[in-house]
Amino acid sequence: MERRTLREENFTPQALRWSWILVIFCGLLLGYYFLRTYGQPLHRQYQLDFGAAKWIEPPEKKAPEGYFRKEVYLSTLPEQAWIEIAGSDNFGLFVNGRTLGDVTSEKSYITGIYDMKHALHIGTNVIAVSVSRTSYPAPAQMLLRAKITESGGAVKTILSDETWRAANRTGIVIGTEDWKSRYVEDELWPKARLSPLNNERVPLRWVDTNPRLLQLPPIGHWIMSENASPQSVFSTSIRAEDDKQETWIQVASSSGALDLAVNGHLITVASTAVSGSKTLPHLAAQATPTPTAKPGEAAAAESQPPPQKGSPFTLATLSAYDISYWIKRGSNSIVAAVRSDSVPAALFANGFTVGTDGNVQRFSSSTAWWMGAEPEVEHTGPNPHPIEIGKDGMAPWGYLPQELARPLDRSGLASFFKSWTIVLLTLGLVVAIWLIVSAFVAGWRNEPLANAMSRDALLHGPVAVGLLFLWLPNFDPRFPDEWSFHPVITVGALAVLLLVRLAHLFVDSWTPAATRSTVHRTKEKANWELHKNRAREVVSTRLRLPQLFEIPFARLLPYLILIVILFLGFSLRYHNLGDMSFDHDEMGLVSKSNGVFKLGFPYTMFAGQVRWITTYEAVPYPLAVSGKIFGYSEWSMRLPSCLMATMCIGVIGLMTRRLFDWRTGLFAAFVYACLPLNIRWGQNAFYLSQCQLMAMLTLWFFYEAIRLRPFHRKFLTAAAVAFCLSYLSWEGTGFILPALFLGLFAVRWGEWWWLKQFHLYRCLFFMGAVVVAQYCSRMIAGEPYLQVGSGLSNLTGPSLFLLAPGYQPMFYVDKLLLSENHVFFTLMILVGLPFCWKHLGFRYVIVLLATFFVLHTNFLAALSPRYCYYFQPLVIIGGVAATIMLYDRVLALARQAGDSGIGRVAAHATGLGLLILLFVQSNESVMKEYLLSATGDTPEMMTRMGTYRYDYRGAARFVMDHARSGDVILPGIPHVFDYYAGMNGNYFLDTLFSSKVPYDQTFDEPRFADKFSGLPVIRNVTELRNVVTRSGRAWVVFAPYASFEKLSSPAVLDYIHQNGKTEFESYRAKVMLIQAAQSAPTVAQSP
Amino acid sequence: MKIPRRLVSWWERLTRWAEWIANFLRNYFLLLVGSILVLGSSVLKWVQFPISHNLSGIKFSLLHDPGIAAHISPFSVGALGVAILAAALIFWRKNYALLALAAAFLLMLWTIVPTQIAFRESSMLRRLSFELQASPEVNVFAKDFLLQNYGTPELVPKRLILYTAWGRLLAAWSFLRLGWYLFGIGAFLVACYCIGKLPSAKLSTAVTLLCLPLGALVILLIPPAIGQHYYSTGLLAKTEGHNQEAITDFRRAMRWDSWHAGDVDLYATIGQLQKQAGIDFNSPERHISRAVEFRDANLFEAAMFEFGRAAEAGGALAETARREATLTRVNYGVALYRAGAVGSAVTNWQQAMAEDPNEIFALTFLVRGYYDIGRYQAGITTANRLIDLTRDHIYTVADVYSMVGDCYAKLGDDGNARKYYNLSLTSDPILNYWALTGLAGK
């Protein structure tokens, strides 16, 4: 009894609160699983079956872009034709020039299935596929299967294999015909080769559409009422084995006006929503204007079905709906109302249900349907059934095009309340079970109820973490979206939650003392001490490090682990360091670094004058040193960045250790070392790694300085110097100053004595002087140049961006806090805020993070994901710190709950599970959490490993190898071209003034010139045409390709696309050759 | 070095002030930040309109739709919020329970803003969604008929579900901007401060105070929820072929929710159902139904005539018919412009603006129309009016400035032309090719 009282005394209200938190969290999570499994299931996804189709790729050695063609001859129009396709990263599917699909998902094998019957015609048809790959280094790969059933019943199966034609560029034949055109001679294209992927198991992405919709042979009849009424209601009933059994229906009507209801729930209304029109109104007499082609796309889509003129019948489309959500066990009624003004109301419907054993039951419109809204009810009319007027394919509608998977909107107040009801009921159940079990266990063991409650609550922790783990695959493109929401998992989790209570039986037998004695026995059996002493002796004598062991090993161990992490981080960053081409940002700094050993500072020459660097001032110096030692190459220029990124791992580890403890520091360093974003920027010579390192040093040193009273002067000085270096690496880090100020407030809350710290003002003055000097330098350097165009240099400092129309308050939330590898860190910070806020280090990190976020969002009138990179480690540190503090809290709860082995194991399982979860979602080693971002699968350039930015090198070397004397070269980014090609370009295209171009008076005829290489600027299509005509041949380097298309005048693009031929294609880069006075044949010829 | 005594005394005084400020900040930090947020937010952007100018807190009236030319209103959310907070701080700063009540009022004001837009003043949501629909049309017009400004147009919400009450609430929320969020955060901080200062029963006080905003929300949600129920049952009755029941339910939905009362498609549906049931041969709904059919077939004159017939009925239906007639006239003008009948187009746009000055997107067309027919001065006057109404949208305003520049250039007034091209470039410097070439030549 006395023992019981002691335990009760030890128990705090805080511990009980934590028990409640654990149980409620687990209950809510389980409630969500129940909601998604039974209440509101997510849309089903399907894996496509490609049968005997083979992965193919272009025959060329280097082929990041692939173009595939296949000709198919049809003697009659098809009654059914579907095509399924998979591509590496991206594919565009075109049938006779008509685009059927164009989807992208970086670093995954994206798939799609399409109805193509209306793109086909009698005669030769061309199926064309383009694949544009950004993941490196494999080539563009494609897998395809199609089936065409002709009207007579003849079936053609098309599979991707070596008979397909493939190339790594479009311009392999002379002529102006588009590569997708049937007039291009197929024989001139090389044959595709089989990909090594055929020997592997390729994880394909899942599709939203049940392939059976397109693959099952069409059945059903058009039906109408006996009196051919313009308004008719048709109904039928179908049987289902289970609630929400998978059921699809496809419907079409004679008038286009169709209402569909299933079991009293309207289906069709949900598809209408407000969206702006992309066309202007026109007078009734005017013909519908043809859509304008994309700039440069000379060939328009072929054989579009002509609009029906004068016919009262509208074009009917077979629209598919997934109605599983409204299906209940037993009989289900389907009601379809068709309304028309001028034609009889007719309906065509077919569908299917999928049984639990996978068998398919089909249903379709027929005379078995009923007129009126109530099927199988005694009707008083003359004929309660409709009449059949024909099968699919009958005039005037023909074979119906199929519209796939129209999204159904199930939002509404009722859905909202229903969802919460399910979640809250589950929560209530979990809490009730917890209380009942705790009361029972407390009575049985004769222990305080609070103890039993806490121990039982701890058992919820591993279940909750397990559910979180099982949730992760839903965000991996290799798994379907609803992977974890299956009855097996949901009910299994509930069962585990119930069964785990059996652990209470072992509370007495599994105590810390018993565990310790078991460990001791195991050590004795394994001769632990003997081995330990031997190992120590070996290290002391052979490695000659006896002095090392004068330091207690426990103190040494964290440093050793940190060194191992540093090596791991360095190896990840060093791997393939020089493989990829420089991008334009890197090259800008590399070219400026040349000046360091000439004049002592980085500069470029323009119009015969020195133009010193006005931004990223501190970055070229390490580049210059590396260049001096190792020579100029991708490897040598990226080496400083790689080293600084590796040093940053150490800084993060040590800083976090000082802010929190060693565990947090080491884990944060480990996560940071393996995070793809940080690895990628560590392999890039741009300013980011250096800037981040300096920024982190500033934040760390400042914290060290303000921890003590009075401030530590040396650390303050070091922080000031580090700030200046980070500011000179990128001016945006000026926001560090206000952030530090607020951080000081947070750490020294309510204290004011530090105002008297004179050294603080000295440092502030020093930093202010550097900032002002940099600003002046920038102003002075820009003053003599007359420049026209848009550029980031317009941005001179902070402004009230929050008042500007372009303001995007969620930008850094999407790009940093909720981007794919940061989501769980952000969540853990939010979870940790209430209980970690009192921790000084946590408060410092959060205040800095919040300040940076607010300042960048509201006061920097330029948005880019890289701008938040310098404070990105704070997200990792904050998330890891919150997790470890949560771990400690749960462990403390276990100690308070009787310190039983069961409680401890549960607490450790919860904490370790959370840490593993944090690590797993932070990189691509186990899971590829590409869909976890707030914005979906739309990654920024450096967020995934192994993706190529821009292949300037390949494009430049191709031109260098193929250009003849007298040819004119128009490089996209002249200074990168100069570096790789070893020769200068001739002109620079800037037709929309999208780049800033200064005025160069030194030309014979003064004009605008490119600021890096001094090339004269071509400003419009007339100038371009003149240049091309004079030279005969002009090479246009489209790199980076997307921005070139976006930032060039449509007239220029049209001219280039119509007169040029793509000679080379690579990662986001193309090279086109324009030949002047070229006859423009309409039909392609062999070269 | 000897420090002068006066300097020392100043330094000591400064230190005492600093200590006092430190204590003050420590004690009133939450209240201070919350109050600053509430005060500051009232002048910030609360509602973003895609074309017309945005609405700040002090212009967001709770009594009526502020319209395209909103003014500061004493009954606006911002003004009321500031007044409540000021009164609470002056009179109740020692009584934390009353201060907490004031915070609850602020939270209530904050909560009802989306419901105010979605349900109480549905004309505002209608204007928002209409401007959203019209802005791509204006962009297409600019792309087809004007010189190009290749900059990126403003980002506005793209897809709204307006046929459910829940969807409308989400739609209204999607137009809310920084001011509304800051007001809410400020009110929350003030509430936290007050509850933190309460000696006991903090949780129960917090829950009690939370009842005020939640209660207001529930009260405002009940009528549209009932309207939604009738609307859904009406749609189901329509699907099952019960036309009379459907019409009755639709009319009930209109009574409960003003959104439905102004929905031209719902009137057209009723008209179609009446036609199919063979009842109410000359009803205004049947006129609207016919008008919608004509409009969809691009028979604008016939559509306007039918809308005119429907407008004779009076009430909400007439108002809707008149609004739709004006929109049809604007579209008719665009269709005429495309066909080359610029003079007739201008006449129609002028008439549309005379009928309903709220349809300001027609002013963009009108400016261009005046330019095309050589009425440059009229173009400049209209453009200045448009600039005044759309001043928050730099992309639109930049284009209008460029149009004025074109007009002045045609009038031979190079100085003013240069001034307006410069204004255009200042307003939108990113890829503003139109203004750049206006200044530098092609």
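This is a predicted model: local features need pLDDT of at least 70, side-chain atom pairs count only at pLDDT 80 or more; totals for chains, interfaces and linings use all residues.
Local features require pLDDT of at least 70 and side-chain atom pairs pLDDT 80 or more, whereas totals for chains, interfaces and linings use all residues. Residues are numbered from 1 along each chain as its sequence is written, and chains are lettered from A in the order in which they are written.

**View 1. The hairpin of β31(A) and β32(A).** Strands are DSSP runs (E, at least two residues) and helices likewise (H or I, at least four), numbered from the N terminus. Strand β31 (residues 1060-1066) pairs with strand β32 (residues 1069-1075) of chain A in the antiparallel sense through six bridges; pairing requires that DSSP finds at least two bridges between two strands. A:Ser1066 faces A:Ala1069 of β32(A). Two residues separate the strands, and A:Arg1068 in the turn has a positive phi of about 50°.

**View 2. An open sheet of three strands in chain A.** The strand order is β24-β27-β28, with antiparallel pairing. Because β24 (787-788) and β28 (1007-1008) of chain A are edge strands with a single partner each, one side of each has no neighbour in the sheet. Two antiparallel bridges join β24(A) to β27 (residues 997-1000) of chain A; A:Val788 has A:Val997 in β27(A) as its bridge partner.

**View 3. The contact between chains A and B.** Chain A contributes 47 residues and chain B 55 residues, contact meaning that C-beta atoms, placed from the backbone, lie within 7 Å. On the side of chain A that touches chain B, β11 (231-240), β13 (257-262), β16 (330-339) and α4 (413-445) of chain A each supply at least two residues. β16(A) gives the most to this side, with three residues.

Note on methods: Two residues are in contact if their C-beta atoms, placed from the backbone, lie within 7 Å.
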